[in-house]
Amino acid sequence: MITLNRDLVHSLPKTELHCHLDGSLRIKTIMELAEQQNVKLPADSEAELEKILKVGMNCSSLVEYLRPFDVTLSVLQEPEALVRATYELAEDCAEENVRYLEIRFAPILHTQKGMRLHEVISNVLKGKALAERDFNIKIGIIICSIRHNDPEESLMSAELAVAFKNLGVCGFDLAGAEKNYPAKDHRSAFELIVNNNINTTVHAGEAYGPESIHQAIHLVNANRIGHGTRLREDGDLLNYVNDLRIPLEMCITSNLQTKAVRNINDHPIRFYLDFGIRVTLNTDNRLISNTTLTDEYMLAINSFKMSPHEVRTLILNGFKSAFLPHFQKSAMIRSVIMELKALGLISDRDDYL
């Protein structure tokens, strides 16, 4: 009988598909970058800065959850900082055996000191290349547009994604507060993305109802849904998502902190998994949420009494949902299946496809 303890979960091959660069820095790195760049931080010590940037469960809303990003972004306005942040995030993920990582960020948010958009992306890609050289990890970059920004900025971001499509960019995202900022306002950007055969993911159904998910799928052609906690409120849409195998990028700790769900027992991941939805497990923001992917798996295991079979399903769902070319994805899945078999999480009788 397999015991799903922390050491085992930490060692399992995993994916991280929903992870924001600017929400996943190391505290020490923020302090050092601020000193190098003469940036004034709201605290003088790592301990005090942690209290400000790690929101905890007392966070009251998504709006409050997003406030620490003003601090993290303040030190991500120079080329070397982007290289370092990308590299260190990949290192942190590789340390817990994340084999495939998708890092998402909005280039427009890193131009306060005059960096051009193509420079922003180039430096993130440089960090990605260095990390892939040094660690056992494959990385894709997702470019984000922001719901509450001018749709013309989204179009500009989409043009960048097209330009860097074959250079490490694997997808395009729409992030930010959902209420009063519908996805349909950004249709021009997504038309460009889809016409250039680029994968799409959209933050939807996090702090707003299932109609947000409906728009993401039907109006801007989302291939995956970020969060999707409120999908269960529309049974017809739920079945549609299930039938088309549209993955959900779920982030339990973040959902609790932003009050997308009232409490852990109200989180829909157990229902979705039982229903057959292609659920994936992610951190969202490692720093802001004070979490790791191992933490998220252990939270799911302990809170929802997940079995080794279900953990295996979550892991394989992640690899199946990766924005990778089919042949690369298939090879990675075959390799992971062999590892899980060796650990006893898959038997020859299992239907794992």
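The second largest pocket has a volume of about 270 Å³. A pocket here is an open set of points on a 1 Å grid over the protein atoms alone, where a 1.4 Å probe fits, with protein on both sides within 12 Å along at least five of seven lines; its volume is the space filled by probe spheres set on the points, which are joined across faces, edges and corners. The model is predicted, with local features needing pLDDT of at least 70 and side-chain atom pairs counting only at pLDDT 80 or more, while totals for chains, interfaces and linings use all residues. Residues are numbered from 1 along each chain as its sequence is written, and side-chain values use heavy atoms, leaving out hydrogens and water.

Lining residues have an atom within 4 Å of a point. Two or more of them come from each of β3 and β4 (169–175), and β3 gives the most, with 3 residues. Strands (E, at least two residues) and helices (H or I, at least four) are DSSP runs numbered from the N terminus. The lining divides into 8 nonpolar, 6 polar and 3 charged residues; Ala, Val, Leu, Ile, Met, Phe, Trp, Tyr, Cys and Pro count as nonpolar, Asp, Glu, Lys and Arg as charged, and the others, including Gly, as polar.

The largest pocket holds about 520 Å³ of space. Its lining has 26 residues, with L66, F69, I146, H148 and G176 nearest the centre. At least two lining residues each come from α4 (62–66), α5 (69–74) and β3 (138–146), and α4 supplies the most, 4 residues. By type, the lining of the largest pocket has 13 nonpolar, 9 polar and 4 charged residues.

Turning to helix packing, the axes of α2 (residues 27–37) and α3 (residues 46–53) come within 10 Å and cross at roughly 110°. Axes are lines fitted to C-alpha atoms over the stretch in contact, with angles from 0 to 180 degrees between N-to-C directions. The angle makes α2 roughly perpendicular to α3, a term for 65 to 115 degrees. Contact (heavy atoms within 4.5 Å) is made by I27, K28, I30 and M31 of α2 and E46, L49, E50 and L53 of α3. These residues divide into 5 nonpolar, no polar and 3 charged.

How values were computed:
Parallel < 35°, antiparallel > 145°, perpendicular 65-115°, else oblique.
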